Amino acid sequence: MAWGRVVLLLAAAEATKVHLVDVAKTMDYSAIPKSPEKQQDDVAFTGGELDDEALAANHEVQHFPEMVFGKITQITTFKPAKNEIPAYLSDTQKAAEFEQHKQGTFIFEAPKPLATLSQLTPLLINSLGRKVKGKQLNYTKVVRCVSQGKAVKKLFYRQQHKWPLQLTILLDKHEELFPYWADFDHIVTQLQIQLGECNVQVLAIHERNLYDFIAQQNSIHPAILILSDLQSYDNQHRYWAWQDILERLQKQATTILTLSSASTSPASAVCTRKARVNSLIPRHGFIRHAKKHGFTMPVSEAQLEAALTMISPLAMVDGGLLRKLRHTFNWGSPVLEGQLWNDKRIVQSVLGIRLQATEQEKYRAQFSQLDESIQQQFWQLVESHHKDAYPGLLNLERTSKMALSHTTEADQAQTIAYLQSLLAHYQQNANSSESAPLQAQLRTFINFAPQAGWHSSEVLSDLLHQAYALAYQDEIRHGQWSSSLPAQLDPNKISLPESTMQSFSVQVSDLHGEVIVSQGSTDKAKTLFKFNASATQPALWQRSATEPQMPIKNKQRISLKKNQSLMIKTAKQQWQIKCITCPDFAQNIGQDQRGLFIETELNNSDKRYYWLPEQVDEQGQKQAGAWFPERQVGENIGRDQYGLYRDVSINKIMQRFRYIQPGCFLMGSPEGELERELWDGKETQHQVTLTEGFWLADTAVTQALYQAVMSENLRRFKNDLNHPVEQVSWDNVQQFIKKLKTIMPALHAQLPTEAQWEYACRAGTLTPFSFGDNISLEQVNYDGKGPYAEGKKGKKRNKTVVVKSLLENAWGLYEMHGNVWEWCTDKHQEDLGDAATIDPIGGEDGSFRVLRGGSWFSSGGSTRSAYRRRLQPDERYFRIGFRLVLGHQFQTEKEKGS
């Protein structure tokens with residue numbers, strides 16, 4: 001039947017195929033990594049029991065990139081609705097009604113011509129016509145002759161322009177000019193009437209005969225009219241062919257005129273002059289004289305967006321309808337028609353255009369927000385233009401109208417009656433010759449129906465689901481569901497006789513780390529969970545609410561990326577899986593009675609991290625999860641208002657470390673910051689990204705901790721061991737770290753990099769201090785007689801203060817400003833530069849080391865977050881201390897004897 005001629009089926013999107021890493025054995029954990037460029041030959045975990053012997057035997061493993069762990073967070077059980085086969089499908093009278101809907105057409109009213117011959121006549125005669133002597137005296141010449149004292153020997157008459165005796169028309173039939181073919185043909189017909197058909201030579205130029213035309217120009221008339229925009233359409237052969245044609249025509253022809261439908265004349269000025277390119281579209285009444293230097297008639301993006309929005313509900317927009325819509329809703333000049341017709345978001349056919357399937361819902365949503373009066377005017381115009389169309393097209397448009405606009409009960413009843421008769425007729429003639437075109441029509445309704453139609457009304461939703469069941473019943477019964485279902489379709493509402501139940505298992509591949517859902521029995525040690533599903537009510541999977549639900553096929557592979565969730569759903573049960581990220585240094589994964597863990601290998605010794613899940617505190621603030629190293633005896637791990645912390649006991653002295661999340665910040669100071677360092681590049685502001693989190697001590701190392709490790713105390717202020725240690729050189733710090741390693745071999749301590757230090761000091765701020773634009777002595781221990789930016793002066797303490805005696809910053813770190821200068825691990829570089837960097841580690845040359853933070857001896861400006869200082873590594877003064885950082889390498893050995 002005629003409906004089969006409309007190509008409206010939407011292309012099914014292909015499911016993404018990805019790779020997944022192993023699963024942590026216990027019931028609801030799976031580990032899925034990002035796909036590496038090269039597949040690993042070994043995996044870190046093969047399932048089964050996770051005891052120490054099994055882990056110890058599995059050290060020879062490959063290093064994985066960042067991995068994502070899928071954890072089942074919710075299992076929902078529900079009673080599925082029982083779907084019955086609708087009675088109208090077996091109603092013979094309802095099926096017979098469809099016979100009344102077979103007459104119609106796809107040929108509609110042609111577009112109204114852009115320009116009439118009367119509008120173009122002055123331009124055509126003046127540009128292409130012949131000059132003849134008229135009957136009107138040329139008084140200007142007569143007066144000039146008399147004024148010069150010359151005898152008037154003859155009378156001068158004005159010349160008149162007449163139509164050329166013969167005319168050649170070059171008619172460009174390039175496909176991108178299709179919206180204007182009817183206009184070109186109209187001009188040709190009118191000129192044949194005006195000059196006589198025998199005096200008008202029409203040469204149609206197609207892409208395939210462009211060069212043949214060049215060789216066949218022996219019988220060209222002197223007056224030549226070109227109907228083309230002379231554009232190359234990114235085709236260099238076409239460009240040079242037109243250049244060659246114009247050169248040859250110029251040698252043979254007396255006059256050349258080109259009427260163009262484009263928004264602008266050709267880019268080549270030579271081409272414009274040779275062809276005398278003018279716009280076909282009259283903007284201000286009659287056009288009398290040809291332009292010599294081209295023209296421009298731009299189309300705004302807003303006009304194009306308005307047109308795309310307006311045509312989005314339609315399955316087919318022919319040239320006549322497009323021109324009516326443009327004129328009615330004032331989209332702009334006729335140039336828009338060509339740009340819209342050839343837009344990359346448009347699908348073309350011999351019958352008209354429509355929006356790409358991937359763009360439809362975006363513009364339909366905009367259409368539904370238009371004023372109701374505009375929508376009703378739009379639908380009235382469409383219905384009037386398509387009044388003689390096939391009922392299939394009419395009701396497809398009415399379905400869109402039901403989903404996107406207000407419709408009357410009569411319109412809804414008419415559309416519902418048609419769809420029911422179509423479904424009944426197809427059901428009762430499934431084996432006839434009509435089956436294929438009817439199936440094509442059903443699939444067109446399914447694929448073109450707006451998403452809103454699937455839930456705009458219960459009746460329409462049921463009809464669309466039933467249409468899907470019938471149109472794809474063979475595939476459904478064999479479990480061959482489409483890889484991309486309509487976003488709003490619920491397969492559990494499909495009404496077909498129940499099929500045999502099939503058993504599925506969710507498991508993980510050992511070699512490639514892919515989560516696979518397979519039919520039949522599988523290795524129990526690798527199975528996450530099992531479920532049953534039928535072919536007519538399949539299991540579905542969905543990564544997020546923005547993605548469509550897709551049926552699970554045998555050996556279905558599913559991936560999860562960072563921050564994604566996964567839903568697996570059957571008619572009776574649903575599993576919700578959430579993702580957490582594993583560090584890139586993980587090699588083994590698993591779970592024991594303590595929880596989910598990863599393992600890495602450092603210094604030939606197995607190390608282990610445990611996952612602390614995210615939680616919400618009493619104030620309702622969400623606190624991110626993190627990986628904690630395996631704790632030692634006497635350690636305390638937890639959270640407070642600042643985030644995660646770990647208390648480490650070092651020779652009975654407790655030091656708290658806070659976890660600093662990875663992130664991005666502006667290092668250095670802006671040019672307008674007061675008391676900024678004057679040397680070029682010293683504090684140049686630039687973006688720094690820290691890709692790894694780190695554990696930073698919340699205070700500088702105290703005299704008590706330094707003495708507990710080194711058995712000596714480098715200090716000037718001796719009244720309290722809780723003062724920070726001072727008078728330490730960078731070399732002294734390295735000796736301290738080396739000695740600390742002998743006491744606690746698994747404690748990977750070091751100095752922070754300069755970037756880590758400033759990132760932690762700022763605690764997310766952009767101001768000179770983490771406390772704001774200025775500081776006070778209640779916040780920072782500095783020389784009060786030298787305040788920052790002419791601030792309020794105060795007393796000078798002339799000594800350090802006990803750690804944690806002043807205010808902490810927003811991340812729970814104490815005395816980052818003032819008290820004592822703090823060493824960084826970097827070699828000093830004079831110019832930081834303005835280029836964005838990732839994980840900077842300082843300069844490569846020189847011996848100076850970096851100091852940060854200012855001290856009790858410094859002015860207020862020297863304690864700014866961006867202030868930098870340098871010293872030789874062996875220099876030490878009574879105002880210099882340090883604090884420790886524990887990187888990702890921080891591990892602890894397994895407790896012995898515990």
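Which residues does Asn809 touch, not counting residues up to four places away in sequence? The close-ups below come from a predicted model, in which local features need pLDDT of at least 70, side-chain atom pairs count only at pLDDT 80 or more, and totals for chains, interfaces and linings use all residues. Residues are numbered from 1 along each chain as its sequence is written, and side-chain values use heavy atoms, with hydrogens and water left out.

View 1. Asn809 sits in the loop between helix H21 (754–762) and strand E33 (821–827); helices (H or I, at least four residues) and strands (E, at least two) are DSSP runs, numbered from the N terminus. Its contacts (heavy atoms within 4.5 Å) are Tyr642, Ala760, Cys761, Ala763, Ser770, Phe771 and Met816, leaving out residues up to four places away in sequence. Asn809 is buried, at 5% relative accessible area; buried means under 20%, exposed over 50%, partly exposed in between (1.4 Å probe, protein chains only). The Asn809 side chain reaches the backbone nitrogen of Trp811 at 2.9 Å.

**View 2. Gln542 in its strand.** Gln542 belongs to strand E15 (residues 540–542). With 14% relative accessibility, Gln542 counts as buried. Beyond residues up to four places away in sequence, Gln542 touches Glu547, Pro548, Gln549, Ser565, Leu566 and Met567.

**View 3. The largest nonpolar core.** A nonpolar core is a set of buried Ala, Val, Leu, Ile, Met, Phe, Trp, Tyr and Cys residues joined through side-chain atoms within 4.5 Å. The largest one has 57 residues, of which Leu225 and Leu340 touch the most other members. Helix H3 (residues 117–128) supplies the largest share of this core, six residues.

Conventions. Polar contact = N/O pair within 3.5 Å; in protein donor to acceptor, adjacent residues only side chain to side chain.
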